[in-house]
Amino acid sequence: MKEPPVSGTQPQEADVLRHTLRSAGYLKLLGFCALIGIPVSLAAFWFLVALHELEHALWADLPHAWGWDAPPWWWPLPLLLVAGTVVGLVVAHLRGAGGHVPASGLHTGGASPAALPGVLLAAVAGLPFGAVLGPEAPLIALGGGLALLFRDLAQAPATPQSTALVGAAGAAAAISAIFGNPLVAAVLLIEVAGVGGPQLFAVMLPALLSSGVGSLVFTGLGRWTGLATGDLSLKLSVPFPRLDAADVLWSVAIAVALAVALHPVLAAARAVASYVTARPFVRTLLCALGAAVCAALYALVTGRTPDEVALSGQATLAALAADPHAWGVGALLAVLLFKGAAYALCLGSLRGGPVFPALFLGAVAGVLLAPLPGLGIVPAMAAGMAAATAGTLRLPVSSVVLVILLLGSAAMMPVVILAAVVAFIVTELLPVGQAPPTEPAEH
């Protein structure tokens, strides 16, 4: 007996999903994606190990072998000279131009097996040698390219839909290696791929903001009444401060300030990207040397190590979080200025991802602003990292998930959500400016 039609869109969408899941082609594709996750994850793991070991050798072992406790002030100059030379040659001569220009944000499209040599060479020559970028963009290209390579080797059907799904699956498997969490990878890939288009953000922002405000209300009611409603969370022993009204208000102010402050940095990065396009080898080299000069000047001015400005900031972020009081106000202001300038130069010229430098700059801004009346250092850092990441990536949900994962606790979730949403909205309302090249040129 034929079932009567069901009114509304929800049952129809459920029927479409059920039909898709029952189709033999989709199930085969799902199984294939599960299988390729194994070699892609192994490749991503060893790729990250190679980057880490090379970075440690260049910035720790080699200076120690030559009798220095830390890299001298001039150390970034020869290293970034090598980075600019190699990346410039890759951009000018290899297929795929070493991957996407970081100033255009993260992308999942365009990954191909033919572009992998250039992507890997640009990443290995740039990131450990001092580029102010992270490894997430090369990882996305590595995962997507390898997945498509395995698809071709297995002689699986190559349709536009399968190409998109297999590439996204490979990218997610690779990117989870750097964040250490598959949830972050899945959320990031959903936002980066633009599933749902602008409507997705239009739906997510009210839901995200409402959930953050609702979390504040439930937290306050539970504290005031002494009653519990039950929640799906782990009780961690890490001492996090209780949020109050000052933390919430300051987090909104921090988000607005960081979105406005990062806007000229990102605009400069897009201008640099357009400038480099005309003469990629020479101008990539000049921009890399400019970033080296920023790191060297920082070391001369502050007496601190130049790798606090060079490199992605991932290791320095951990040191800052462990002992934020070891940084004076002058050092915090200097690292914001010099690393921000080097970040803009690297975003527009070298190859890598924008995530970790944004996290570091946001954390530094949080530590700098923590002495504000009623604001604690943990809420300030949480709001700063969320605002800087959301404003740079324009991926609010991914920014929230990533910062909460880094903090290791959901205690700061309300301020993280508010800061991410506010920074994203402010960034979207600011003038867009010059658009950088988004697709690498084919050679």
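Is E308 buried or exposed? In this predicted model, E308 has a relative accessible area of 8%, and the residue is therefore buried, the cut-off being under 20%. E308 takes part in a salt bridge with R304, in which the closest N and O atoms lie 2.9 Å apart. R304, by contrast, is partly exposed, at 24% relative accessibility.

Side chains of opposite charge can pair when their charged atoms come close. The structure holds 2 salt bridges. Besides the pair formed by E308 and R304, a salt bridge joins the side chains of E428 and R394, with an N to O distance of 3.7 Å. This pair links distant parts of the chain, its members being 34 residues apart. E428 belongs to helix 16 (residues 413–429), whereas R394 lies in the loop between helix 14 (377–393) and helix 15 (396–407). E428 has a relative accessible area of 38% and is therefore partly exposed. R394 is likewise partly exposed, with a relative accessible area of 24%.

A further residue, D69, is located in the loop that runs between helix 2 (24–65) and helix 3 (76–93). The relative accessibility of D69 is 76%, and D69 therefore counts as exposed, the cut-off for that class being over 50%. In sequence, D69 and T305 are separated by 236 residues. In space, the C-alpha atoms of D69 and T305 are 9.9 Å apart.

Technical notes. Residues numbered from 1 in each chain as written. Predicted model: local features only at pLDDT ≥ 70, side-chain atom pairs only at ≥ 80, totals over all residues. Heavy atoms only, no water. Helix = DSSP H or I, 4+ residues; strand = E, 2+ residues; numbered from the N terminus. Buried < 20%, exposed > 50% of the residue type's maximum accessible area, 1.4 Å probe, protein only. Salt bridge = Lys/Arg side-chain N within 4 Å of Asp/Glu carboxyl O.
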